Structures are given as structure tokens and as C-alpha cells.
Amino acid sequence: MGSSRRIPACPPGPWLPSLPSLIPGGSSHGLLSGSDSMKAPCRLLLIVLCSVGFSAVYILLCYWACLPFCPAFCLDPHLSIKSRPTVPGPLHFSGYSSVPDGKPLVRELCRSCAVVSSSGQMLGSGLGAEIDSAECVLRMNQAPTVGFEADVGQRSTLRVISHTSVPLLLRNYSHYFQQARDTLYVVYTFTERMMAYCDQVFQDETGKNRRQSGSFLSTGWFTMILALELCEEIVVYGMVSDSYCREEHHPSVPYHYFEKGRLDECQMYLAHERAPRSAHRFITEKAVFSRWAKKRPIVFAHPSWRTQWSHRHSTITRPLLQPHSAKNT
């Protein structure tokens, strides 16, 4: 009978010493014998190579897919678009949760965004077609499109809503969540983590602690935060500048384009800005947006206005820090 052929063992060589030689006073007798002493280094080499390969694959998956137990490699959702690495496929925006299913926001970046305010400035604008031409359209709370298509458009990619608006949308579930197939209604509220982040941004920009100053952040603030993360270019429709309400002969428009309240837009803004507690700081927020527009591709349309912020200032030095005097009413 012919002898069976043996697969040659991998010799230790100078780059990989045999296992017994790693043990002081060790020998191949009693520990490893015969061909086992030759196979052990190959097994060790195979284990090392497999470990290195597995680690490399896991690190790549951590970076691209943000797997559990590897937060150091996850993309920070609060990085600016300019500093965010170019990642193929959808991104995970962990600071947001959807209504009504509570799922996180997962989607690709938008090349162009139309941020549509709920201001009465939109009435008679005739900008509906221009708004709908943007890749992504962001709206706020329950602001309707039906009946206002010519001025505000009819497409909706995302709606940013406050917790107080959730019941209003759920009461009209079929309208907001079951529209025509060519209109995507995806509604998002903010997690506690995102709320804390927005509070910190407010303090960094104004020098004031939001809670201690008795301020509530508006839905417009949260929408701009989302737009900065999601959009490469932003056009904001219907948002006035921080100086608009102090200008003489500014037109009086409703606070919301879809309803007429007791106070017009500027009266509402000034009332909140001067309130000592539990108020939105609309004018202060617009001063902050003006600052952001100096650093990012943000355009304000209807009314159109240019930013006045100077890089010499480290904090916003008006509205909240220097309240309006009575003569500015």
C-alpha cells in the first residue's frame, strides 16, 4: 500500500519562532512533538491574520454603519455639512424621532432645501412653484398646503413639529399621513438629546442660558438646526430679519398665513421678546440665523434680506441681551 501524503508543515523561520522557543527552558518534548511543533506557528499566524482582518472589517462597519459598541467611529450628527465626511447612502440622524411610529430619521443629504415658514409673509408671494422645485421641502407644525399651493407649494419632505402640535396632526391623520403618493409626509419631533443640544447652541450663540432666561425655543429654531445638518443649500421663505419689526412702515401681516389672530406678526414677536418668562425669543433667534448665514449657504427670500453680522462679535449683542425700548414699538 502506498504511503499517505502529508501536507508540508509551515516552518517557523526567522520571522515567526516556534512556540516552545517562546517559553523559557521549553522544548518540543512533552509539550509539542513531531509535526505538531511545526503546525503550531501556522495556527498562530492564522489566528493573528484572522484577528487583524476581523478588526479591520469591524472598524469599517463602525464607521459606515454606526454599529453598537463603537460610538467613537459613529458620525456625529451635529457636524456641519462642510466638515461631515462624504458617506454613500443614507445617514442616521439619531437626534430625531418620527411621528407616529417613533423611528429615527434615516435619509440621504439634500442638495437644496426650501424651509417654508408659517408666517403671513407668505400670503400673495406666488412662490409655490419655486418652493416645490427644491429637492427637499421642510415645513413646520400643522401649517397647511391645501388652499395655499400658489404661495407655499404643495410638496412636503419633512415636517418639524413641537410636542404641542402632535395631537393636532393626529386628529387629522388621513390629511397629514396619507396624502397622495407623490407627496412624502414624514413628521419629526426631537429627542431629549437633541433638545439638550439645541439648548447648548442657544447659550453659545446668545450668552444666555435658555432656562434661566425664561426662553422657549421656537419650531423655527429646531427647523433651522435640522436644515443645517440635512441640507447643502438652504433657502428660507417668509422669515423676516431681526430688525424688520423696528423698521417704520413695515406691512402688517398675520402671525400665521393660515389663521388670523389677535396680534399680527410683529406684535407677537415683540410681545414674546419682552416677556420676562415663558416666551419665545423670535427676534433673538433671527439674529442668530443671520450669523449662521455668514458661515453657511443660507438665503432668505420674501422678504429678502442680507445678513449684517460681523465676525468681530463673539455673541449676539441685541434682542435678548439688550431688550427693545418702548420707542421701538
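Trainee: Why does Asp199 count as buried?

Mentor: Buried means under 20% relative accessible area, exposed over 50%, and partly exposed in between, with a 1.4 Å probe and protein chains only. Asp199 has 15% relative accessibility, so Asp199 counts as buried. Some ground rules first. This is a predicted model, where local features need pLDDT of at least 70, side-chain atom pairs count only at pLDDT 80 or more, and totals for chains, interfaces and linings use all residues. Residues are numbered from 1 along each chain as its sequence is written, and side-chain values use heavy atoms, with hydrogens and water left out.

Trainee: What makes Arg210 and Asp199 a salt bridge?

Mentor: A salt bridge is a side-chain nitrogen of Lys or Arg within 4 Å of a carboxyl oxygen of Asp or Glu. For Arg210 and Asp199 the closest N and O atoms are 2.5 Å apart, and the pair forms a salt bridge. Arg210 lies in the loop between α6 (192-206) and β7 (215-216) and Asp199 in helix α6, so the pair ties together parts that are 11 residues apart in sequence. Helices (H or I, at least four residues) and strands (E, at least two) are DSSP runs, numbered from the N terminus.

Trainee: Is Arg210 buried or exposed?

Mentor: Buried. Its relative accessible area is 10%.

Trainee: How many salt bridges does this rule give?

Mentor: The count comes to 3. One of them joins Arg111 to Glu135, with closest N and O atoms 3.7 Å apart. Arg111 lies in strand β3 and Glu135 in the loop between α2 (128-132) and β4, so the pair ties together parts that are 24 residues apart in sequence.

Trainee: Why is Arg111 called exposed?

Mentor: Arg111 has 57% relative accessibility, so Arg111 counts as exposed. Glu135 has a relative accessible area of 28%, so Glu135 is partly exposed.

Trainee: What about the side chains of Glu205 and Arg291?

Mentor: They meet in a salt bridge, 2.6 Å from N to O. The pair links distant parts of the chain: Glu205 sits in helix α6 and Arg291 in helix α9 (residues 282-293), 86 residues apart. Glu205 is buried at 13%. Arg291 is buried at 3%.

Trainee: How many disulfides does the structure hold?

Mentor: The structure holds 3. A disulfide is a pair of cysteine sulfur atoms within 2.5 Å. Take Cys110 and Cys136: their sulfur atoms are 2.0 Å apart, and they form a disulfide.

Trainee: Why is the disulfide of Cys110 and Cys136 called left-handed?

Mentor: The torsion about its S-S bond is about -80 degrees, so the disulfide is left-handed. Cys110 lies in strand β3 (residues 110-116) and Cys136 in strand β4 (residues 136-140), so the pair ties together parts that are 26 residues apart in sequence. Both cysteines are buried.

Trainee: What joins Cys113 to Cys231?

Mentor: A disulfide, with an S to S distance of 2.0 Å. Cys113 lies in strand β3 and Cys231 in strand β8 (residues 231-237), so the pair ties together parts that are 118 residues apart in sequence. The link is left-handed, with -85 degrees about the S-S bond. Cys113 is buried at 2% relative accessibility, and Cys231 is buried at 1%.

Trainee: How far apart are the sulfur atoms of Cys245 and Cys266?

Mentor: They are 2.2 Å apart, and the two residues form a disulfide. Cys245 is in the loop between β8 and β9 (254-256) and Cys266 in helix α8 (residues 265-274), 21 residues apart. Both are buried.
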